[in-house]
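Subject: Structure handover

Hello,

Here is the structure I promised to pass on. My notes follow below it.

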Amino acid sequence: MDVIEKVLRDVKKRNPHEPEFYQAVEEVLTTLKPVIEKNARYRNIGILERLVEPERQIIFRVPWVDDKGNVNVNRGFRVQFNSAIGPYKGGIRFHPSVYSGIIKFLGFEQIFKNSLSGLPIGGGKGGSDFDPKNKSDGEIMRFCQSFMNELYRHIGADVDIPAGDIGVGKREIGYLFGQYKKLKNGYEAGVFTGKGLTYGGSLVRNEATGYGLIYFVKRMLEENNHSLKNQKIIISGAGNVAIHACEKSIQMGAHVIAMCDSKGYIYDEDGINIETIKRIKEVERKRISEYVKYHENAKYYEGQKNIWNVKCDLALPCATQNDITLDEAKKLVENGVKFIGEGANMPCTNDALKLFLENDILVAPAKAANAGGVSTSALEMSQNSIRLSWTFEEVDTKLKEIMENIFETTSNSAKMYSDKNNYIAGANIAGFIKVAEAMLSQGII
Ligand code: NDP
């Protein structure tokens, strides 16, 4: 049995009932074969064995009082996965599906994404099974304060820097940061990213993941003699990543025809009106079904997964993990999809990815393609350190450069170790080598 098979077997045994974590590890490790075979150095010092075990996992009680005076208890998580190249960095997710397997898969992915960004940040992730839907502002605030009452002792600007993710946007980050500041009795702006602009946030951070995804996809298409202009696009999700991916796609002349939330999808042959989506989702916080009230040619269909039946050139899954399973992938392939851009983390199952590669469909993998968010978070940390704020254009230009660099790194490593168009292997290998070299230099810790 080779080392990769052995590590995979051990991961399954040591982390039972955590299929998402195993899936993420399997996806990375199976692509590392050529590097591991060539480098006895990595095998001799147990790089893989150490890489799949988080440096630290924190699980804690989060008690809070709802508007009726009832006491509720949720579970909080922070997984500090790998600090070889910098302090732990990764978002916080509030969603009822959160448990240790989800946070570990996200933390594991974050190691390679942060490495690819070229910036000095390690990998971590956190969250809670708290459901922010249908909660009052006061309930959200009390929950965030209680969450931070424990988390604060484990984070810091040079230790671990959280940000947002599903269910954690500007409002939640404000409450979390406020409570941290109160508990620490000091203004440590660099402890959190995704902050509001009035208290240390960066311009473009809000748009960064979605914009970055499109900058990456644009380069991938160009390398293969295509352009975004007039491509028919469908996007799953109607949150932060999906909205800004849609906005940038439209700016680049593409035609976005469908979007969804967790209940259903809208189809608008005239092209999605992004201002309407923003109003419904960001201001009114309502369902996407409302869209058809404002656009008479648009149609709403129940069932989020059915969005993948829509014929398109480019599919951008920007909602959540395992959105595209083998069944959805088959539908997309039958309908002639040419490109996939992963905006969400691990939105395609491993067999779906395999099918895409077998059918010569170009895949922009999440670790590389959605790294614009964390990269701009690192730019926010830089601005906090030097106590200056850059303009929108300055940050956007840096984001574009970072995404282009990530594309070049991914593409070069695909050419060197795998097939020219296997950007999945390219991203995993390039992300891995930097972390492995840093771990090699730092001894067995
Ligand atoms: P948001 O909470 O802003 O939006 C999530 C969107 O996805 C919503 O439209 C939501 O629908 C939908 N969604 C969530 N869960 C499900 C589900 N189980 N089934 C179907 N639809 C679902 O999150 P973000 O846009 O921030 O994050 C989206 C993805 O991008 C996640 O995988 C996240 O990890 C990843 N990501 C985010 C980054 C960021 O900067 N925000 C950075 C890098 C990756 P509804 O409103 O109905 O729940």
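Valine 98 is in contact with Phe77, Arg93, Ile103, Gly127, Ser128 and Asp129, leaving aside its neighbours within four places in sequence. Contact here means heavy atoms within 4.5 Å. Valine 98 sits in the loop between β3 (88-94) and α6. Its relative accessible area is 5%, so valine 98 counts as buried. The cut-offs are these: buried is under 20% relative accessible area, exposed is over 50%, and partly exposed is in between, with a 1.4 Å probe and protein chains only. Methionine 416 is 318 residues from valine 98 along the chain, and their C-alpha atoms are separated by 37 Å.

Some ground rules. This is a predicted model, in which local features need pLDDT of at least 70, side-chain atom pairs count only at pLDDT 80 or more, and totals for chains, interfaces and linings use all residues. Residues are numbered from 1 along each chain as its sequence is written, and side-chain values use heavy atoms, with hydrogens and water left out.

The whole protein

The protein has 17 helices and twelve strands. Both are DSSP runs numbered from the N terminus: helices are H or I with at least four residues, strands are E with at least two. The C-alpha trace spans about 65 × 55 × 45 Å along its principal axes.

Of the 445 residues, 57% count as buried. Among contacts with a separation of 6 or more, 71% are between residues 24 or more positions apart.

Helix packing

Two packed helices are described by the angle between their axes and the distance between the axes. Axes are lines fitted to C-alpha atoms, for helices over the stretch in contact, and angles run from 0 to 180 degrees between N-to-C directions. Angles under 35 degrees count as roughly parallel, over 145 as roughly antiparallel, 65 to 115 as roughly perpendicular and the rest as oblique.

Start with helix α1 (residues 3-14) and helix α2 (residues 19-29). They pack at an angle of about 175°, with their axes 10 Å apart. The pair is therefore roughly antiparallel. On α1 the contact uses Ile4, Val7, Leu8, Val11 and Lys12; on α2 it uses Phe21, Tyr22, Val25, Glu26 and Leu29. Eight of these residues are nonpolar, none polar and two charged.

α2 brings Glu20, Phe21, Ala24, Val25, Glu27, Val28 and Leu29, and α6 brings Gly101, Ile102, Lys104, Phe105, Phe108, Glu109 and Phe112. This contact divides into nine nonpolar, one polar and four charged residues.

Buried residues in helices

Phenylalanine 432 is in helix α17 (residues 423-441). Its relative accessible area is 1%, so phenylalanine 432 is buried. Beyond four places in sequence, its contacts include Leu32, Tyr42, Leu51 and Phe112. The C-alpha atoms of phenylalanine 432 and phenylalanine 112 are separated by 6.1 Å, though the two are 320 residues apart along the chain.

Methionine 403 is in helix α16 (residues 392-417). At 0% relative accessible area, methionine 403 is buried. Among the residues it touches, not counting those up to four places away, are Gly212, Phe216 and Ala371.

Glutamate 247 is in helix α10 (residues 240-251). Glutamate 247 is buried too, at 10%. It touches Glu207, Tyr211, Ile274 and Lys278, not counting residues up to four places away in sequence.

Positive phi

Asparagine 322 is not a glycine, yet has a positive phi of about 55°. Asparagine 322 is partly exposed, at 22% relative accessible area. Methionine 346, also not a glycine, has a positive phi of about 50°. Methionine 346 is buried, at 5%.

Best wishes

Definitions and conventions: Ala, Val, Leu, Ile, Met, Phe, Trp, Tyr, Cys and Pro count as nonpolar, Asp, Glu, Lys and Arg as charged, and the others, Gly among them, as polar.
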